[in-house]
Protein chains: 2
Amino acid sequence: MRVLGIDCGAERTGYGVIASDGLAHSLVASGVIRTRPADPFAQRLLQIARGLREVIIRYEPTAGAVEEVFHAANVQSALKLAHVRGIALLALAEAGIAVGEYSALVIKQTVVGYGRAEKSQVQLMVKSLLQLDYDVQSPDAADAIAVAICHATHARAAARLGAAR
Amino acid sequence: MRVLGIDCGAERTGYGVIASDGLAHSLVASGVIRTRPADPFAQRLLQIARGLREVIIRYEPTAGAVEEVFHAANVQSALKLAHVRGIALLALAEAGIAVGEYSALVIKQTVVGYGRAEKSQVQLMVKSLLQLDYDVQSPDAADAIAVAICHATHARAAARLGAAR
């Protein structure tokens, strides 16, 4: 499967596309969609929508994954994030791509083996799991790759469970 | 001006299009976009996006207006609403339509003259301001018309202020 992971953010939305059989993963592409902070919010949502559509057309993912929205820290930023998340879910639905949703805890547990892992640990594990000989520079891109790896891993587990029944 | 007001909701998104010079308003169209509760959330966002695009193409609004997101009552439903609101802002931005955002307080103050007005009072005032000889059945559609009236009123005030300077 080819999974597009998206790490939503009003300023920077990270994306990562991996090819995976659920055990071994390889990186197809990753990057960050940046928006212009001076632009009206609706305009920034449009920039994110266009960026994601471009990624979907170029890399043809067969599955999508995003993090569940988290609101403990600051309700205002969680609400802003939820707008962007709506755009990401829409971009996937428009392309007919089903989406998996995972909490930050489950993503870190799956990728790092520890639910409270630091961002830098996620970056390191992503590099190691994908056998990259360079660092994933952007933490947003690394987080996006992590949610893609999480989805591929869980999808394999679910398929095996289904086959065993 | 021709204003599209949108009242966002995951289950029912109301819309109202009015023609207005800022003082007198007439109803062009109103209605409700319903989503199927059994569908995945991303699918429901797609249904809302398609519904809004259809309304925009059919009624060609020149301005848009939505309520600011409100989170006092329940954070989970506010977050859900924010996803839908992202879709509404995107639909307007895609069509090149600038959008005004107003708090519930300001909308009710502008339309009813009282910031804590009940839904039924909003429905009555909308009917009266638009000189309708029938009730606006759906409260979602009435709320959408109310935010459109609010925007038209404020846009006129802003234009007059600008001219007086």
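Predicted model: local features only at pLDDT ≥ 70, side-chain atom pairs only at ≥ 80, totals over all residues.
Reader: Is Glu60(B) buried or exposed?

Author: The cut-off to have in mind is that exposed means over 50% relative accessible area. Glu60(B) has a relative accessible area of 58%, so Glu60(B) is exposed.

Reader: How many Å does α1(B) reach from its first C-alpha to its last?

Author: Start with the count: α1(B) has 19 residues. At 1.5 Å a residue, 27 Å is expected, and the helix comes close to that. From first C-alpha to last, α1(B) reaches 27 Å.

Reader: Which residue of chain A has a positive phi although it is not a glycine, and is it buried or exposed?

Author: Look in the loop between α4 (119-129) and α5 (139-164) of chain A, where Gln131(A) is found. Its phi is positive, about 50 degrees, although Gln131(A) is not a glycine. With 72% relative accessibility, the residue that counts as exposed is Gln131(A).

Reader: How many aromatic pairs does the structure hold, and what lies over the face of Phe41(A)?

Author: Over all chains, the number of aromatic pairs is zero. Phe41(B) does have a charge over its ring, though: the charged end of Lys80(B) sits 5.8 Å from the ring centre. In chain A, the residue over the face of Phe41(A), at 5.8 Å from the ring centre, is Lys80(A).

Reader: What rotation superposes chain B on chain A, and what relation is that?

Author: In general, two copies of a chain are related by a rotation about an axis and a shift along it. Here the rotation is 180 degrees and the shift along the axis is 0.0 Å, with an RMSD of 0.0 Å. That is the relation of a two-fold axis.

Reader: Which C-alpha in chain B is nearest the axis?

Author: Stay with that rotation of 180 degrees, which superposes chain B on chain A. The C-alpha of chain B nearest its axis lies 2.3 Å from it, and belongs to His83(B).

Reader: How many residues of chain B are in contact with chain A, and which three supply 27% of the area that chain B buries?

Author: On each side there are 23 residues: 23 of chain B are in contact with 23 of chain A. The two chains bury about 1,900 Å² between them, with 76% of it on carbon and sulfur atoms. More than any other three residues, the ones that supply 27% of chain B's buried area are Leu79(B), His83(B) and Leu90(B).

Reader: Where is Ala152(A), and how many Å separate its C-alpha from that of Met1(A)?

Author: Ala152(A) has its place in helix α5 of chain A, and it counts as buried because its relative accessibility is 0%. Beyond its sequence neighbours up to four places away, Ala152(A) touches residues including Met1(A), Val3(A) and Ile18(A). Along the chain, Ala152(A) and Met1(A) are 151 residues apart, yet their C-alpha atoms are separated by 7.5 Å.

Reader: How many Å separate the C-alpha atoms of Glu101(B) and Glu60(B)?

Author: Glu101(B) is in strand β5 (residues 99-102) of chain B, and at 34% relative accessibility it counts as partly exposed. Leaving out residues up to four places away in sequence, Glu101(B) touches Val66(B), Glu68(B), Arg85(B) and Leu89(B). Glu60(B) is 41 residues from Glu101(B) along the chain, and their C-alpha atoms are separated by 19 Å.

Conventions
Residues numbered from 1 in each chain as written. Chains lettered and ligands numbered in written order. Heavy atoms only, no water. Helix = DSSP H or I, 4+ residues; strand = E, 2+ residues; numbered from the N terminus. Buried < 20%, exposed > 50% of the residue type's maximum accessible area, 1.4 Å probe, protein only. Expected span 1.5 Å × (residues − 1). Phe/Tyr/Trp six-rings, centres within 6.5 Å; stacked < 30°, edge-to-face > 60°. Lys NZ or Arg CZ within 6 Å of the ring centre and 35° of its normal. Least-squares fit on C-alpha atoms with pLDDT ≥ 70 in both. Contact = heavy atoms within 4.5 Å. Buried area = accessible area lost by both parts, 1.4 Å probe.
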